[in-house]
Amino acid sequence: MKLFDVYPLYDVTPVAAQGIEVTDDNGQKYLDFYGGHAVISIGHTHPHYVSSLKEQLDKIGFYSNSIQNPLQRKMANKLGELSGCNDYSLFLCNSGAEANENALKMASFHTGKSKVIAFKNGFHGRTSAAVAATDNPSINAPLNQQQEVSFVALNDFEAFQNTIEGDSFCAVILEPIQGVGGLDEPTTEFFQFVAEKCKEHQVVLIADEVQSGFGRSGKFFAYQHHNIQPDIITIAKGMGNGFPVGGVLIHDSFKASYGLLGTTFGGNHLACAAVLAVLDVMEQEALVQNADALGHYVKSKTSELPEIKNVKGRGLMIGLEFDFEVAALRKALIHNQHMFTGGAKNKNLLRILPALNITKDHIDLLFEGLKKELS
Ligand SMILES: Cc1ncc(COP(=O)(O)O)c(C=O)c1O
């Protein structure tokens with residue numbers, strides 16, 4: 001059987017990885033400044049992560065959500081402690097899209113309404129309501145277009161106010177730092193305005209932290225840079241360091257009832273072991289602090305490269321903007337410098353999304369590679 005051909009592929013076949021290094025089938029090593037799309041948070045094959053998963057697999061890997069699974073509670077407690085979100089409850093699922101789908105569904109259950117406000121250039125996943133709230137008509141099938149979503153430009157106070165006052169909505173969904181779109185973010189004033197208007201109109205505020213969460217921005221959650229409190233927070237990517245897992249943090253003001261949400265695989269024993277190992281390492285290696293410090297270091301290095309016209313993002317979620325399209329540069333970085341980097345919808349933007357435990361030496365190597373390719 002052939003594979004359904006939806007991905008344009010680089011000609012690289014990774015067969016092993018450790019820390020920030022990925023090795024291909026010819027033994028060539030690459031530095032991974034992309035983290036498999038912001039997924040690798042504590043580094044590839046971290047020894048604590050590997051032993052936790054192996055030990056868990058030897059005990060029990062999976063059972064459905066119809067039995068007691070104390071690992072879920074242990075993980076939720078640790079997540080609450082490290083994120084400061086103790087007044088939320090956790091629903092576990094398997095991906096970022098699924099997290100957003102459930103978040104939007106909760107907003108709709110809670111308010112009895114169905115329309116959504118989302119933002120231009122936003123990305124929330126490829127499932128029904130999540131893709132409808134994504135600003136990309138090419139991945140929105142006629143089926144998804146049945147959802148009613150109003151798109152507003154980021155930081156456009158007037159457009160947001162007119163929209164939220166002009167109709168009746170269940171949710172506003174917002175990435176605190178846009179990932180796929182190209183690292184644009186709401187200003188603190190705009191984010192606070194959105195939160196205030198949501199409260200005033202009883203609209204649920206969803207922070208999509210699928211990419212920006214779990215320490216990547218230099219705080220546990222990126223919305224925490226702005227002194228606001230979302231009603232719902234969605235997580236995935238770095239949460240499992242490659243194990244497919246997602247989650248929805250739902251404020252305690254929302255009422256749960258049996259059967260309201262559900263999933264077969266979400267929160268299984270192996271997923272919990274993976275997330276617990278990620279949280280252990282984040283705490284032991286102070287990765288939120290490291291992401292913050294190295295984000296500043298990356299920004300300080302950009303002055304060495306006049307070709308970089310603009311720097312976006314926070315922590316280790318950084319976009320380097322050039323005045324040319326970066327596709328050829330990314331290819332050259334892979335093949336000549338053996339470095340993985342990311343692209344974005346903004347074709348002039350190079351995305352840097354490495355594991356949160358990289359060092360200044362790695363960043364220096366990235367800039368040396370960039371200099372060689374740009375000279
Ligand atoms: C902000 C954001 N939300 C949601 C998603 C969807 O996550 P997944 O691909 O795990 O469904 C992504 C994926 O890139 C994302 O960046």
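## Two domains

The centres of domain 1 and domain 2, taken over C-alpha atoms, sit 26 Å apart. Domain 1 covers 47-284, and domain 2 is made of 286-353 + 368-375; bounds like these come from an automatic or database domain assignment. Where the two touch, domain 1 puts in 19 residues and domain 2 puts in 16 residues, with contact meaning that two C-beta atoms, placed from the backbone, lie within 7 Å. On the domain 1 side, that contact has 7 nonpolar, 9 polar and 3 charged residues. For these classes, Ala, Val, Leu, Ile, Met, Phe, Trp, Tyr, Cys and Pro count as nonpolar, Asp, Glu, Lys and Arg as charged, and the others, Gly among them, as polar.

A quick word on what you're looking at: this is a predicted model, where local features need pLDDT of at least 70 and side-chain atom pairs count only at pLDDT 80 or more, while totals for chains, interfaces and linings use all residues. Numbering starts from 1 along each chain as its sequence is written.

## Around the ligand

The ligand has 14 residues around it, and the closest are G96, A97, G125, G179 and V210. A residue makes this list if its C-beta atom, placed from the backbone, lies within 6 Å of the molecule. By class, the shell splits into 5 nonpolar, 7 polar and 2 charged residues.

Helix α4 (residues 96-111) gives the shell its largest share, 3 residues. Helices (H or I, at least four residues) and strands (E, at least two) are DSSP runs, numbered from the N terminus.

## Helix α7

Take α7 (residues 188-200) next. The buried residues here are F191, V194, A195 and C198. They sit on the same side of α7, because they cover an arc of only 95° around the axis, where the arc is that of the directions from the helix axis to the C-beta atoms. As a general point, an α-helix has 3.6 residues a turn, so residues three or four places apart point the same way.

What do the buried residues of α7 pack against? Their partners are α6 (157-166), β7 (171-174) and β8 (204-208). Buried means 20 or more other C-beta atoms within 10 Å of the residue's own, exposed means 12 or fewer, and partly exposed is in between, with C-beta atoms placed from the backbone.

## Helix α11

Helix α11 (residues 360-374) has 15 residues and runs 21 Å from its first C-alpha to its last, close to the expected 21 Å. I363, L366 and L370 are buried in α11. Their arc around the axis is only 55°, so they lie on the same side of α11.

Those buried residues of α11 pack against α9 and β13. On the other side of α11, D361, D364 and K372 are exposed.

## Positive phi spots

Most residues other than glycine have a negative phi, so a few places here deserve a look. A286, in the loop between α8 (269-284) and α9 (287-301), has a positive phi near 50°. A286 counts as partly exposed because it has 14 C-beta neighbours inside 10 Å.

H338 has a positive phi near 55° and sits in the loop between α10 (327-335) and β13 (339-340). With 17 C-beta neighbours inside 10 Å, H338 also counts as partly exposed. Just after α7, Q202 takes a positive phi of about 50°.

Technical notes:
Expected span 1.5 Å × (residues − 1).
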